[in-house]
Each structure stands twice: as structure tokens, then as C-alpha cells.
Amino acid sequence: MKLNYLTQATVKKNYFCWLLGHRFLETKKVNAHFSEFECKTCKIQVTNDTRNNKIALTKELKDINETLFYINLKKQFVSKFYFRRKE
């Protein structure tokens, strides 16, 4: 078995996760649909896709999530301060 992307130290950390499964904690809520997670044991970072499956967090996906976060923040700001409900 060829382990070209893992070193010996991460193999030992990932053994527990491989045996029992990852224990993910939410680190960042991007918007209502997307979040970033990190495994408590092996520190692997993942995000969810459109079907709510967990996929590895690459540099490209991290940039996309950051852009979505700022778009959502801008949308909330505009709706809160510029389009208030008249009561």
C-alpha cells in the first residue's frame, strides 16, 4: 500500500479516526448551507458540498467559502440597515 500523501506521524494520528471515525467540530459557519469543520483528533479540515457530504478543504474551496461568507455578510448588512420594515 502506497502512502504518498501521508507521513508516519499523520498515519498514527489518523489510525484512531480510521478505526472509529472522525469527530468533526464546526469551526466556521459560512452561510446557512455551508460550514467548515475540523477533526478533533487528526486536525483534518473539511467542508460540506451541495449534497451535504464532507469533502477535503483545499485552497480553492477555502477561497470560495471566504467569498461566500463575505457576500452573506454584505447581504445581511444591507437588509438590516437599508431595507428596514416599517412598523
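Predicted model: local features only at pLDDT ≥ 70, side-chain atom pairs only at ≥ 80, totals over all residues.
Reader: How many helices and strands does the protein chain have, and in what order do the elements run?

Author: The protein chain has two helices and four strands. Read from the N terminus, the elements follow the pattern α-β-β-β-β-α.

Reader: Why is tryptophan 18 called exposed?

Author: The relative accessible area of tryptophan 18 is 67%. The term exposed applies over 50%, therefore tryptophan 18 is classed as exposed. This residue belongs to helix H1, which spans residues 8–20.

Reader: What makes the nonpolar surface patch that includes Trp18?

Author: Tyr15, Phe16, Trp18, Leu19 and Leu20 make this patch, with an area of about 630 Å².

Reader: Why is alanine 32 called exposed, and where does it lie?

Author: Alanine 32 has a relative accessible area of 66%. Because exposed means over 50%, alanine 32 receives that label. Alanine 32 is located in the loop between E1 and strand E2 (35–39). The C-alpha atom of alanine 32 is separated by 9.2 Å from that of asparagine 72, and the two residues are 40 residues apart along the chain.

Reader: What is the order of the strands in the open sheet, and which are its edge strands?

Author: The four strands of the open sheet are arranged in the order E1-E2-E3-E4, with antiparallel pairing. The edge strands are E1 (24–29) and E4 (54–56), as each pairs on one side only. On average, neighbouring strands of this sheet are turned by 40° against each other, direction ignored.

Reader: What share of the protein chain is buried, and what makes a residue count as buried?

Author: A residue counts as buried under 20% relative accessible area. Of the 87 residues in the protein chain, 16% are buried. The protein chain exposes about 7,700 Å², of which carbon and sulfur atoms supply 57%.

Reader: Among contacts between residues at least 6 apart in sequence, what share joins residues at least 24 apart?

Author: For the protein chain, that share is 23%.

Terms used
Residues numbered from 1 in each chain as written. Heavy atoms only, no water. Patch = residues over 30% accessible without salt bridge, like charges linked within 9 Å, V, L, I, M, F, W, Y side chains within 5 Å. Areas by Shrake-Rupley, 256 points an atom, 1.4 Å probe, with all protein chains shown as cover. Salt bridge = Lys/Arg side-chain N within 4 Å of Asp/Glu carboxyl O. Buried < 20%, exposed > 50% of the residue type's maximum accessible area, 1.4 Å probe, protein only. Pairing = 2+ DSSP bridges. Axes fitted to C-alpha atoms, helices over the stretch in contact; angles between N-to-C directions. Contact = heavy atoms within 4.5 Å.
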